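Let us walk through this structure together, one part at a time. Please have a look at the model before reading on.

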Amino acid sequence: MLLLRRDDARRIAVRAQLLGGGPEPTLPTLPQMLHRLAGVQVDLTAAVARSADLVARARVPGFRSGELEDLADVREILEIAGFWRPAEDLALYAAEMARWPGDDAAPWQLERLSWLAANAEAHAGVLAQLAADGPTRPRDLDVRCARPWRSSGWTDGKDVQQLVELLLARGELAVAGRRGRDRLVDLAERVYPEVEAWPYEEALRERDRRRLAALGIARAQRPETPGEPDHVGDAGVPAVVEDVAGEWRVDPALLDAPPVEEDAVALLSPLDRLVMDRLRARELFGFDYRLEMYQPAAKRQWGYWAMPVLVGDRLVGKLDAAADRKDGVLRVHAVHRDADGPIEWPGAWVEAVDAAIDDLAAWLGLERVEA
């Protein structure tokens with residue numbers, strides 16, 4: 001079994017995510033980046049910029065907002081399970097869609113299957129309306145569910161939207177685009193390309209392999225998360241990390257990944273895959289983080305959309321900033337400094353992070369101001 005120092009584990013994780021500076025980790029096209037990262041989460045929160053745009057900007061030189069949508073318009077990428085993915089990767093998800101919820105379905109999935117069966121008339125109505133009208137916002141679908149959705153509070157009165165979610169999971173519908181912040185859905189055969197689906201078990205193993213290639217180092221098992229899990233199963237090779245409990249899986253192709261540039265800075269989306277597994281971020285980087293946008297302002301420690309700050313192979317702080325497009329400014333509320341506890345940043349870090357904030361403001365077309 002491999003024994004890794006923590007700095008080696010961090011280097012592998014950063015390089016796997018195409019970060020760390022230098023010519024090697026940056027890829028010239030968005031499709032290549034999306035393939036390497038196994039997808040980028042779609043989220044429309046734009047306190048600074050949309051998450052997927054921030055992810056791409058940190059990795060693709062010259063990236064401009066709107067390029068992801070341009071690729072989606074020509075079906076080079078697809079929105080699958082809340083992530084932008086290369087269109088060819090549909091083959092890795094098609095078998096799972098076709099067998100949803102599957103022979104090993106959990107009780108909550110079987111309950112949803114029962115709810116879908118009880119609403120067969122609404123199900124047929126959605127398909128008929130889309131066949132006639134084409135891409136439509138879910139809230140504009142003119143059907144009524146016979147059995148209401150049992151809501152946990154977030155989905156009160158959203159029976160049709162929940163029906164659409166299940167039909168997306170089954171591969172009967174697909175996201176066809178957006179109108180403002182609203183998704184447009186259509187019949188899957190009018191959106192998805194024809195692909196030969198991978199056998200189900202083989203597809204799951206390949207997705208684990210691809211996920212490990214994107215993460216570099218990860219746990220074999222983690223609690224299930226929607227869209228893109230944090231676990232990698234038996235992919236890669238086993239390893240332990242110095243001073244960190246438990247076993248990891250490592251992509252052997254990344255063991256010789258080049259060192260990062262010590263002063264390379266990336267201002268990350270809170271949904272960036274480098275930090276999305278909060279436990280891994282604490283274990284490998286000593287980085288404590290939570291997304292505070294759902295907390296009352298008085299209880300926030302770092303800010304509504306605090307952006308993790310990566311310097312070299314260390315997560316060293318959070319940028320609390322907000323884009324005020326009406327006034328044409330990027331308001332910088334605070335730069336919180338931390339890495340394995342509060343520290344004094346070296347002067348080179350201060351200068352590099354300050355320059356990165358200026359670059360972010362320029363990319364947004366805004367003037368930086370200190371709030």
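Two residues are in contact here when they have heavy atoms within 4.5 Å. Keep in mind that what you see is a predicted model.

Setting aside residues up to four places away in sequence, Asp338 touches Phe287, Leu315, Val316, Gly317, Lys318 and Trp345. You will find Asp338 in the loop between β13 (329–337) and α12 (347–364). Is this residue buried or exposed? The relative accessible area of Asp338 is 13%, and buried means under 20%, so Asp338 counts as buried.

Now step back to the whole chain. The chain holds 12 helices and 14 strands, and 50% of its 371 residues count as buried. Its C-alpha atoms fill a box of roughly 65 × 55 × 40 Å along the principal axes. A compact globule with 371 residues would have a radius of gyration near 21 Å, and the 22 Å of this chain agrees with that. Among contacts with a separation of 6 or more, 61% join residues 24 or more positions apart.

Next, look for an open sheet of four strands. Their order is β1-β8-β9-β7, and the pairing is mixed. Because β1 (2–4) and β7 (217–218) stand at the edges with a single partner strand each, one side of each has no neighbour in the sheet. The partner of β7 is worth a look: two bridges join β7 to β9 (residues 248–250), and these strands run antiparallel. Here Ile217 stands opposite Val250 in β9.

Across β7, β8 (237–241) and β9 lies helix α11 (residues 278–285), running at about 85 degrees to β9. How many of the eight residues of α11 are buried? Six of them are, so the helix is largely enclosed by the rest of the structure. The buried residues in α11 are Arg278, Arg280, Ala281, Glu283, Leu284 and Phe285. After α11 comes Gly286, with a positive phi near 65 degrees.

This brings us to the largest nonpolar core, which has 29 residues. Among the residues with the most contacts inside this core are Ile217, Phe285 and Leu274. The elements that give two or more residues to the core are α1 (6–16), β8, β9, α10 (273–276) and α11. The most comes from α1, with five residues. Leu274 shows how such a residue is surrounded: not counting residues up to four places away in sequence, its contacts include Ala13, Val14, Leu268, Arg280, Phe285 and Leu315. Apart from this core lies another, of 26 residues, including Val48, Ala49, Trp305 and Val316.

Glu206 lies in helix α9 (residues 200–215) and counts as buried, at 17% relative accessibility. The side chains of Glu206 and Arg209 are joined by a polar contact of 2.8 Å. Beyond its neighbours within four places in sequence, Glu206 is in contact with Leu92 and Trp198. Asp70, in helix α4 (residues 67–73), is partly exposed, with a relative accessible area of 37%. The C-alpha atoms of Asp70 and Glu367 are separated by 27 Å, and these residues are 297 residues apart along the chain.

Key: Residues are numbered from 1 along each chain as its sequence is written. This is a predicted model: local features need pLDDT of at least 70, side-chain atom pairs count only at pLDDT 80 or more; totals for chains, interfaces and linings use all residues. Side-chain values use heavy atoms; hydrogens and water are left out. Buried means under 20% relative accessible area, exposed over 50%, partly exposed in between (1.4 Å probe, protein chains only). A polar contact is a pair of N or O atoms within 3.5 Å; within protein, one must be able to donate a hydrogen and the other to accept it, and residues adjacent in sequence count only if both atoms are side-chain atoms. Two strands pair if DSSP finds at least two bridges between them. Axes are lines fitted to C-alpha atoms, for helices over the stretch in contact, and angles run from 0 to 180 degrees between N-to-C directions. A nonpolar core is a set of buried Ala, Val, Leu, Ile, Met, Phe, Trp, Tyr and Cys residues joined through side-chain atoms within 4.5 Å. The radius of gyration is taken over C-alpha atoms; the globule rule is 2.2 Å times the number of residues to the power 0.38.
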